[in-house]
Amino acid sequence: MLNYFQDDILQVVNLIRHKINESEKLNVIDKEISRRQAAVIGIIDESQGKPVFQKDISCRLRIRRSTATSMLQDMEKDGLIIREPVGNDLRLKKLVLTEKSMRYALMIREEFTLIEDSIIRGFSEEEKLQLRKYLERIKENLTEERRQR
């Protein structure tokens with residue numbers, strides 16, 4: 001009997017999706033902002049003070065620049081982000097979280113830390129490092145595949 005990875009991958013993806021969907025905090029956030037907006041907040045939050053620009057959002061979320069523009073304009077209107085000029089180039093603006101979105105960022109960070117802890121519970125530091133390497137290779141494979149289409 002053949003044993004395909006696809007079955008294991010689908011099971012893991014579904015279990016993680018269910019774990020995320022069971023989160024009460026994330027469900028509350030879902031009612032107030034979209035998942036993409038939450039992703040943008042997460043990207044800016046995890047940048048640890050390094051400037052994040054629209055092109056970074058576009059690349060990280062793998063969306064067109066026009067889609068990122070529209071989404072970021074909506075987030076600005078909703079008071080989730082502000083754009084601050086950087087240096088002398090008035091066209092270059094970094095994205096900054098507002099107090100409102102910082103509350104969401106804290107909730108998202110706390111909840112994903114709990115989810116991650118439950119996923120990697122019992123893993124040694126070496127196994128965690130190896131898992132990270134495998135996940136990076138999977139992302140590279142899938143990204144390369146998308147580029148070739």
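**Pockets and a helix pair in the predicted model**

The lining of the largest pocket is made up of 25 nonpolar, four polar and 15 charged residues. This pocket belongs to a predicted model, and about 2,500 Å³ of space lies within it. Its lining counts 44 residues, of which Ile16, Ile20, Phe112, Leu135 and Lys139 are the closest to the centre. Six helices, α1 (5–21), α2 (24–32), α3, α4, α6 (99–119) and α7 (125–148), each supply at least two lining residues. Of these, α7 gives the most, with 10 residues.

The second largest pocket has a volume of about 190 Å³. By class, the lining of the second largest pocket divides into two nonpolar, one polar and five charged residues.

Helix α4 also takes part in a contact with helix α3. The axes of α3 (residues 35–46) and α4 (residues 54–61) come within 11 Å and cross at roughly 115°, and the crossing is right-handed. On the α3 side, the contact involves Arg36, Ala39, Val40, Ile43 and Glu46, which meet Ile57, Arg60 and Leu61 of α4. Five nonpolar and three charged residues make up this contact, with no polar residues.

Technical notes. Residues numbered from 1 in each chain as written. Predicted model: local features only at pLDDT ≥ 70, side-chain atom pairs only at ≥ 80, totals over all residues. Heavy atoms only, no water. Axes fitted to C-alpha atoms, helices over the stretch in contact; angles between N-to-C directions. Helix = DSSP H or I, 4+ residues; strand = E, 2+ residues; numbered from the N terminus. Left-handed = near helix turned anticlockwise from the far one by under 90°. Contact = heavy atoms within 4.5 Å. Nonpolar A, V, L, I, M, F, W, Y, C, P; charged D, E, K, R; others polar. 1 Å grid on protein atoms, 1.4 Å probe; cavity = no way out; pocket = protein on both sides within 12 Å on 5 of 7 lines; lining within 4 Å. Points joined across faces, edges and corners; volume = space filled by probe spheres on them.
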